[in-house]
Amino acid sequence: MLPVTGLDGPTDAALVAAWQRGSEQAATDLVRRHASALTRFLAGAGAGPSEVEDLVQEAFFKAFRGIDGWRRESSFRSWLFSIGSNLHKDTYRRARGRVVLSIEDYDVADLRDPASELVADETAERIQAGLTKLPRLQREVFLLRVQQGLDYAEIAEALGTTVGAARVHYHHAIRRLKELVP
Amino acid sequence: MTCHELSERMPAVARGNVAWTVDEAEHLSRCADCRAEWALVTAGAAVAGNVKLDAEALATKVLYRLRTEPVVPRRRPFRWVVGLAAAASVVLVLSRGTPPASLPRGPAVPPLGVDLPGLDGLGTSELQTVLESVETPWTETSTADAPSLDDLTDQELARVARGWEN
């Protein structure tokens, strides 16, 4: 039986079960818990400031509507990331050829956290720029592993690939970023 | 301690979940390649760190959409084609798989491979007579119940042999 509570309150599985019984509070809790991570992931993956909020909203909407499609053997977060990644991929395909935005473009958006400006990491920005030059899977594997802390099994689940392929993509991304980010 | 082992541990250490061991820290201090990767991983953890979203407002919007937008049944394009093809396959198998009961199966008749020049000289009425004798139902000419050569007596066999020789 899945645990119902963890260190941070009810587990995702418990909240999902509550949502399936009609609890809107459970859905709100799931959004609170995962919105920030999904937002950072999509922004890091190259979604523009005007897209990120729409993508995150759509990802949660699709997740809650299709909650029966979540297989309990993967984490809710990696399943949510898979929805977000697919939505971002579709958006990118529709806007074929558009240049992926770098993080500086977020300066004009309301999404910026003023406090974090004080600790803006120049290297992170250079990595963000370097990520735009990587193939999509390498970029997303790097972000899920380094930015989100997912293990290879969760990454494989989120991106619809194998553990071995995720590992290879990660090491290719690292090697390429070493060249791109001096 | 290898570079690969250190590489595998970097994300967890960068996120503060675990700390370097003495061996790992020593390897890191003398391996420039690992230090370059470590710099990437620590900085990579902060990518898009300044991008925030109002989770409460987001939850409100999502719930509003869930309440107001109708559930659209998932459409599977060309699903009807698959059903039609399956139905057609079943009909085809049923129609061809078993022979009609009204058509009796007879013994295979080898094609006639010899000329019958004698027929050329026959008149219409004579040909009609020959055709009538040929067009008897297969059941009447079936050899299924006819005695085989094994069933004949010696005298009958001799008579058949003489007929062939003539």
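Of the 182 residues of chain A, 40% are buried. The model is predicted. Chain A holds 9 helices and 2 strands. Along the sequence, these elements run β-β-α-α-α-α-α-α-α-α-α.

Helix 2 of chain A covers residues 24-44. With 21 residues at 1.5 Å a residue, this helix should span 30 Å. Just after helix 2, A:Gly46 adopts a positive phi of about 115 degrees.

Chain A also meets chain B. The contact involves 42 residues of chain A and 28 residues of chain B. On the chain B side, the elements that give two or more residues are helix 1 (3-14), helix 3 (32-44) and helix 4 (55-68). Helix 4 of chain B provides the largest share, with 8 residues. By residue class, the chain B side comprises 20 nonpolar, 3 polar and 5 charged residues.

A:Thr28 belongs to helix 2 of chain A. It has 19 other C-beta atoms within 10 Å and is therefore partly exposed, since a buried residue needs 20 or more. Beyond its neighbours within four places in sequence, A:Thr28 is in contact with B:Ala59 and B:Leu63. Within chain A, A:Thr28 and A:Leu15 are separated by 13 residues in sequence. Their C-alpha atoms are 9.4 Å apart in space.

A:Phe64 sits in helix 3 of chain A, which covers residues 49-65. This residue counts as buried because 20 C-beta neighbours lie inside 10 Å. When neighbours within four places in sequence are set aside, A:Phe64 has contacts in both chains. In chain A, the partners are A:Trp19 and A:Ala27. In chain B, they are B:Val62 and B:Leu66. A:Phe64 and A:Leu30 are 34 residues apart in sequence, with a C-alpha to C-alpha distance of 9.8 Å.

Conventions
Residues are numbered from 1 along each chain as its sequence is written. Chains are lettered from A and ligands numbered from 1 in the order in which they are written. This is a predicted model: local features need pLDDT of at least 70, side-chain atom pairs count only at pLDDT 80 or more; totals for chains, interfaces and linings use all residues. Helices (H or I, at least four residues) and strands (E, at least two) are DSSP runs, numbered from the N terminus. A residue is buried if 20 or more other C-beta atoms lie within 10 Å of its own, exposed if 12 or fewer, and partly exposed in between; C-beta atoms are placed from the backbone. The expected span of a helix is 1.5 Å times one less than its number of residues. Two residues are in contact if their C-beta atoms, placed from the backbone, lie within 7 Å. Ala, Val, Leu, Ile, Met, Phe, Trp, Tyr, Cys and Pro count as nonpolar, Asp, Glu, Lys and Arg as charged, and the others, Gly among them, as polar.
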